[in-house]
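This report goes through a protein chain a few residues at a time. Keep the sequence and the structure in view while reading.

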Amino acid sequence: MLIAGFPAGSWGTNCYLLAPAAGEECVIVDPGHQAAAGVEEAVAKHRLKPVAVILTHGHIDHVASVVPVCGSHDTPAWIHPADRYMMSEPEKALGRSFGDRLLGELTVGEPDEVNELTDGAVLKLAGMELTVTHAPGHTKGSVTYGLPEQADIPPIMFAGDFLFAGSIGRTDLPGGDHQEMLASLARVCLPLDDETVVLSGHGPQTTIGRERATNPFLRELAAGGEDLPSAPRRGM
């Protein structure tokens, strides 16, 4: 398994390229602001052939390079239908203006082919199977992508802005809901094996076991706590 990741753009959003091995087909996760150059560098370095772009949610810091990346490699994009509008109307998704300078740097709109995700779907892409789990809270259409354990590789979850090392995604933007986020965390994360590697939309990787023990939100949920603080303002 090959996973190449790098932080991109003004928000330092993690973009990942996932393939069975170097020299094979790959899937691109969350090509955000100014991610296109990094994608091309990773494609060339590892001799990869992109076949799909998959999105954890629709915020502009995760989708800003979808159009050029899909266009360069003639690939479809996958997104949950509740967040699809964000690709064309990013300001509506954030409830505020970016300002003229930043808007001039963004590619707003949809690629030629967009496929919509459903909860529990299994995407068979690039010789891999990724399980889609709907996890609303940060946005209405937030999802995670799961890869099962393979040989010496532990299970992996691409979490977007759902779960971070030591924190969770903010819920104060349009479509965010703190109670919905807590319910999603309990339903999606608590049943996972401690060894599950979490690759988040911002910051370093972590594991479910580490978050279960140290993340204040997961720790209190695991203990049955209900009086949790609001989600911090991290990410978009």
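Which salt bridge do the side chains of Glu116 and Arg84 form, and what is its N to O distance? The side chains of Glu116 and Arg84 meet in a salt bridge with an N to O distance of 3.1 Å. The model in which this pair is found is a predicted one.

## Salt bridges around Arg84

Side chains of opposite charge can pair when their charged atoms come close. In the whole structure, a search finds seven salt bridges. One of them joins Glu110 to Arg84, at 2.8 Å from N to O. Glu110 sits in the loop between α5 (100–103) and β6 (114–116), while Arg84 sits in the loop between β5 and α4 (90–94), so this pair ties together parts that are 26 residues apart in sequence.

The salt bridge of Glu116 with Arg84 has an N to O distance of 3.1 Å. Because Glu116 lies in strand β6 and Arg84 in the loop between β5 and α4, the pair ties together parts that are 32 residues apart in sequence. Arg84 is partly exposed, with a relative accessible area of 24%. Glu110 is partly exposed at 34%, and Glu116 is partly exposed at 41%.

## The salt bridge of Lys124

Another salt bridge is formed by Lys124 and Glu129, whose closest N and O atoms are 4.0 Å apart. Lys124 is exposed, because its relative accessible area is 65% and the cut-off for exposed is over 50%. Glu129 has 44% relative accessibility and counts as partly exposed.

## An aromatic pair

How many aromatic pairs does a search of the whole structure find? The search finds one. The ring centres of Tyr16 and Phe158 are 5.5 Å apart and the ring planes are at 70°, so the pair is edge-to-face. Tyr16 belongs to strand β2 (residues 13–19) and Phe158 to strand β10, so the pair ties together parts that are 142 residues apart in sequence.

Are these two residues buried or exposed? Tyr16 is buried, with a relative accessible area of 9%. Phe158 is buried as well, with a value of 1%.

## A patch of negative charge

On the surface, Glu149, Asp152, Asp193 and Glu195 gather in a patch of negative charge. Asp152, one of these residues, is located in the loop between β9 (143–147) and β10 (156–160). With 79% relative accessibility, Asp152 counts as exposed.

## Positive phi values

Asp30 is not a glycine, yet its phi is positive, near 55°. Asp30 is part of the loop between β3 (25–29) and α1 (36–46). This residue is buried, because its relative accessible area is 2% and buried means under 20%.

Asp74 is not a glycine either, and its phi is positive at about 50°. Asp74 is placed in the loop between α3 (66–73) and β5 (77–79). Asp74 is exposed, with a relative accessible area of 72%.

## Cys189

Where is Cys189 found? Cys189 is in helix α6 (residues 178–189). Its relative accessibility is 1%, so Cys189 counts as buried. From C-alpha to C-alpha, Cys189 and Ala35 are 28 Å apart in space, and they are 154 residues apart in sequence.

Definitions and conventions:
Residues numbered from 1 in each chain as written. Predicted model: local features only at pLDDT ≥ 70, side-chain atom pairs only at ≥ 80, totals over all residues. Heavy atoms only, no water. Patch = residues over 30% accessible without salt bridge, like charges linked within 9 Å, V, L, I, M, F, W, Y side chains within 5 Å. Areas by Shrake-Rupley, 256 points an atom, 1.4 Å probe, with all protein chains shown as cover. Lys, Arg positive; Asp, Glu negative; His and termini not counted. Charge placed at Lys NZ, Arg CZ, Asp CG, Glu CD. Helix = DSSP H or I, 4+ residues; strand = E, 2+ residues; numbered from the N terminus. Buried < 20%, exposed > 50% of the residue type's maximum accessible area, 1.4 Å probe, protein only. Phe/Tyr/Trp six-rings, centres within 6.5 Å; stacked < 30°, edge-to-face > 60°.
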